[in-house]
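Visitor: I am new to this structure. Please show it to me, and then I will ask about it.

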Amino acid sequence: MCRLLIYKGTSPVQLSHLLTRPAHSIINQAFDSRLRVDLRRPINGDGFGVGWYDSTYDEELGNQPCIFTSVTPAWNNVNLIRLAEKIKSPLVFAHVRATTAGSLSLDNCHPFVHGKIMVRFATAVFMPTLSWFRAQFMHNGSIEQFSKFKRRLQQQLPDEIFHVVNGNTDSEWSFALFLSKLRNPNAQSFTHVELQRAVLETIASLNQYGEEAGVSEPSLMNFCVTDGVSVVATRYVSSRNDAAASLWFSSGTTFSECEEGGRYKMSKADKRENIIMVNASEPLTFEKADWMEIKTNHMIVVTGKMNFYVSPSDPTAQSRDIDLAVAKGYYSHPKQLQQA
């Protein structure tokens, strides 16, 4: 299992307030999980990644996100600690990895990004194609028996998107499939509706390919994507009976340390939503009132104006059995917040 965090705010946040200072940050969760323990892979030590957008636009730097990844355990990376103290951003994606597919390498560390791409043609000359889509993509879960239909998925991709993939995970190929669902992946901007539609079509295609390949084991697809403006995050399982991997969100006006020792709290001074945070695995704090669990087979959409809504990603959403997600270490129960 993996763990991920999304922060979107009207003002930039210092990365340390998300990644290193909170007592229950995803970095600390990586080796000291309180709510969701994967007995198969209890430690998220197979690398990490952080992606962020600049607070102000700089023409020379461009508007693509900056990505920092490493194959070392996140809690033991001094460069991450240093950078987190010096970087502020209004939109952050962070991910710690426990390998379920793919090798231990930088190419397989989330978040995946689609910025400037190089396309190789038959003439063996590399032709640059500038891409303005500032996408980041993360995945919490697994595409079951992906090898059975990996080739089928690859055949559906146009050449320029096929060559975007550098690693060998089911997650990055899912990202490539997502890019192929956009009308123009090199467009300068997208609406949140376009991103939402592309995510839903990606899930539908993965389900179709799996069914055609005879895959019976449910896949867990908590997908998160942003173009630097809007955010879409899903909590999804390809089953009518099972619960998906946990997904939580919190919103408010300030997120700050309320007690020494890294105890943070989301405060809500008025009706404004200055901060929206999404966590897969466990909430960032143990304050039950701070967090709401996204229902299975639903998605949260955050617009550029900080409006958000939760909508079904599957009309068959119903009461579900949590055994699958628990067995795979992807589920944390809301009641556990009170006991932590």
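Visitor: Which residues form a negative surface patch?
Guide: This is a predicted model, where local features need pLDDT of at least 70, side-chain atom pairs count only at pLDDT 80 or more, and totals for chains, interfaces and linings use all residues. Residues are numbered from 1 along each chain as its sequence is written, and side-chain values use heavy atoms, without hydrogens and water. A patch takes residues with over 30% relative accessible area and no salt bridge, like charges being joined within 9 Å; Asp and Glu count as negative. The negative patch consists of Asp 54, Asp 58, Glu 59 and Glu 60.

Visitor: Where is the place of Asp 58?
Guide: Strands are DSSP runs (E, at least two residues), numbered from the N terminus. Asp 58 lies in the loop between strand S2 (48-52) and strand S3 (66-70).

Visitor: Is Gln 196 buried or exposed?
Guide: Buried means under 20% relative accessible area, exposed over 50%, and partly exposed in between (1.4 Å probe, protein chains only). Asp 58 has 32%, so Asp 58 is partly exposed. Gln 196 has a relative accessible area of 13%, so Gln 196 is buried.

Visitor: Which residues does Gln 196 touch, not counting those up to four places away in sequence?
Guide: Gln 196 sits in helix H7 (residues 192-212), a helix being a DSSP run of H or I with at least four residues. Contact means heavy atoms within 4.5 Å. By that rule Gln 196 touches Val 232, Met 299, Val 301, Tyr 309 and Ser 311.

Methods:
Patches are made of residues with over 30% relative accessible area and no salt bridge: like charges are joined within 9 Å, nonpolar side chains (Val, Leu, Ile, Met, Phe, Trp, Tyr) within 5 Å. Accessible areas come from the Shrake-Rupley method with a 1.4 Å probe; for residues, only the protein chains shown count as cover. A salt bridge is a side-chain nitrogen of Lys or Arg within 4 Å of a carboxyl oxygen of Asp or Glu. The place of a charge is taken as NZ of Lys, CZ of Arg, CG of Asp or CD of Glu.
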